[in-house]
Amino acid sequence: DSSRAVAAVLPQLAAGPVHHAHMLLIFVQSGALEGGAAQCSALRGGAAAGLVSSPAAQHAFRPPGRSAVRLQEWAARPAWESADMPTYDYRNQTFPVILAGMRRCREDRGAIPALLEQLVERDFFSYFPVNLITPCMYFPSGDAGCEMATCEIRAARERDIPPAVIARDREEYNFLIDGWVSKDMPSDFTEYFDLRESASRNTGYNGQRVWRFIHTNLCFQKRLQQEEMGWKRDFNRLVSGMHAVVDCEIIEDIGHTEEGRCEYRRRLRDEPGSILNLYYAYMLTLSAIREVSKGPSFESCAYLGDASIPPLMRALTSDDLLASDSVQSAAASLRAHASSPDFAVWKLRLRTRHLKLIMGCVECNVCKVHGTVLVIGLASTLQVLLGDDGSRDATQPAEERPDPLKLDRVSLGSLVATAAKLSRACATVERFREFDGEDLSQAYFGAPRPHADPS
């Protein structure tokens, strides 16, 4: 009877003023309308039409316990939802630079992987505060969450978190309003996660929508073929490298099986530029770590009183691979592109901040925690290599400029943790190349684009 009564007044509500439309939404949210899609025709026209076509109203047309009713006839999906995914295999003058660095990293891994693994076993580089209830602010969400147990991650118990970690993080809350990234501050809603206890893995979560948004909205799309837009291509390469890390963590967990082989080919081998950009991101993080060692706070950092860390950091930053021209050329190329008259560092900073915020749209908690650390690590890499003004030029008196080499605990920890992730990912690629029967003597093993970039 209530459904028939509501249906009888629908035309009046739909044709009435806005507050009537609000009443209509209340009916829908309360579940009074059975089969909301069948009632859509009654809502055409009037002030209710614009309201019901909004994302908030479309979410309202989902009575409790029923499947979501999508009013596709009311609002067209944004173009990015169905756009072709871009690729980042830029065959320009930077290509041979990255290729030479990748070759050097493959031939001489040296002690770096072992040193990074030892560092991320320390509290300083393993505990990170993350707010898991941050909302998604970029598209409607909540109906495609990962409900599998594999997506869950256990927060560290408060009694297990070193008091020095919390104390330092609570002290380091200053940040630039338009800086490279903002961390999640300790609060009632923020929990600490120990990456040693919660490794990234193949959870089965489908994050394609988030990645599609990142690649089509946050990565640069315009004027990429112009030579002076190298800084845009560099950012896109870095995001591609970040995506490759996640792919490597997935296939590593799958293992050397036929499924693993297929996923390696689909995600990495046959994805244009993916493997090359993975090595590019690795070289940039190594260069940033070496650069941090030149800062005034490097030797004075107590690392929460862990006396085992300074010798490891010195051994890492003095390794021949970090100092090699082949590896440093990637950072030199990044800085050279940043000297272009068309360079706009604020556009990079804006995008790294949005990369952090879009982690709120990731509905797999394991993925959200590890993705947050990755984003902060890559943002810290750019801060160290480019500074806050993009070139670290003396545009202000030195005492008034923030020191880009001075990173807080979370940023430095994320930088090293990200370098370790990249190192593992590169090792995963090499193992799967051999497993796949590829010619390991090839200088470049990424799938070429159909048409080379003319720049």
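Residues count as buried when their relative accessible area is under 20%, as exposed when it is over 50%, and as partly exposed in between (1.4 Å probe, protein chains only).

## Basis of the description

The structure is a predicted model, in which local features need pLDDT of at least 70 and side-chain atom pairs count only at pLDDT 80 or more, while totals for chains, interfaces and linings use all residues. Residues are numbered from 1 along each chain as its sequence is written, and side-chain values use heavy atoms, with hydrogens and water left out.

## Overall fold

The chain contains 17 helices and two strands; helices (H or I, at least four residues) and strands (E, at least two) are DSSP runs numbered from the N terminus. Of its 455 residues, 52% count as buried. Among contacts (heavy atoms within 4.5 Å) with a separation of 6 or more, 83% are between residues 24 or more positions apart.

## Helix 14

Helix 14 has 14 residues and spans 19 Å from its first C-alpha to its last, close to the expected 20 Å; the expected span is 1.5 Å times one less than the number of residues. Its buried residues are Val 327, Gln 328, Ala 330, Ala 331, Ser 333, Leu 334, His 337 and Ala 338. An α-helix has 3.6 residues a turn, so residues three or four places apart point the same way. The buried residues of helix 14 pack against helix 5, helix 9, helix 11 (274-292), helix 13 (320-323) and helix 16 (365-386).

## Aromatic pairs

Rings of Phe, Tyr and Trp (its six-membered ring) pair if their centres lie within 6.5 Å; planes under 30 degrees apart count as stacked, over 60 as edge-to-face and the rest as tilted. The count by this rule is 13 aromatic pairs. One of them joins Trp 80 and Phe 213 edge-to-face, at 5.1 Å centre to centre with 85 degrees between the planes. Trp 80 lies in the loop between helix 4 (55-60) and helix 5 (95-107), whereas Phe 213 belongs to helix 8 (residues 208-218), 133 residues apart. Both Trp 80 and Phe 213 are buried.

Trp 231 and Phe 343 also form an edge-to-face pair, at 5.3 Å and 85 degrees. Because Trp 231 lies in helix 9 (residues 230-254) and Phe 343 in the loop between helix 14 (325-338) and helix 15 (345-357), the pair ties together parts 112 residues apart in sequence. Trp 231 counts as buried at 3% relative accessibility, and Phe 343 counts as buried at 15%. Ring pairs also link Trp 80, Tyr 138, Phe 139 and Phe 213 into a cluster.
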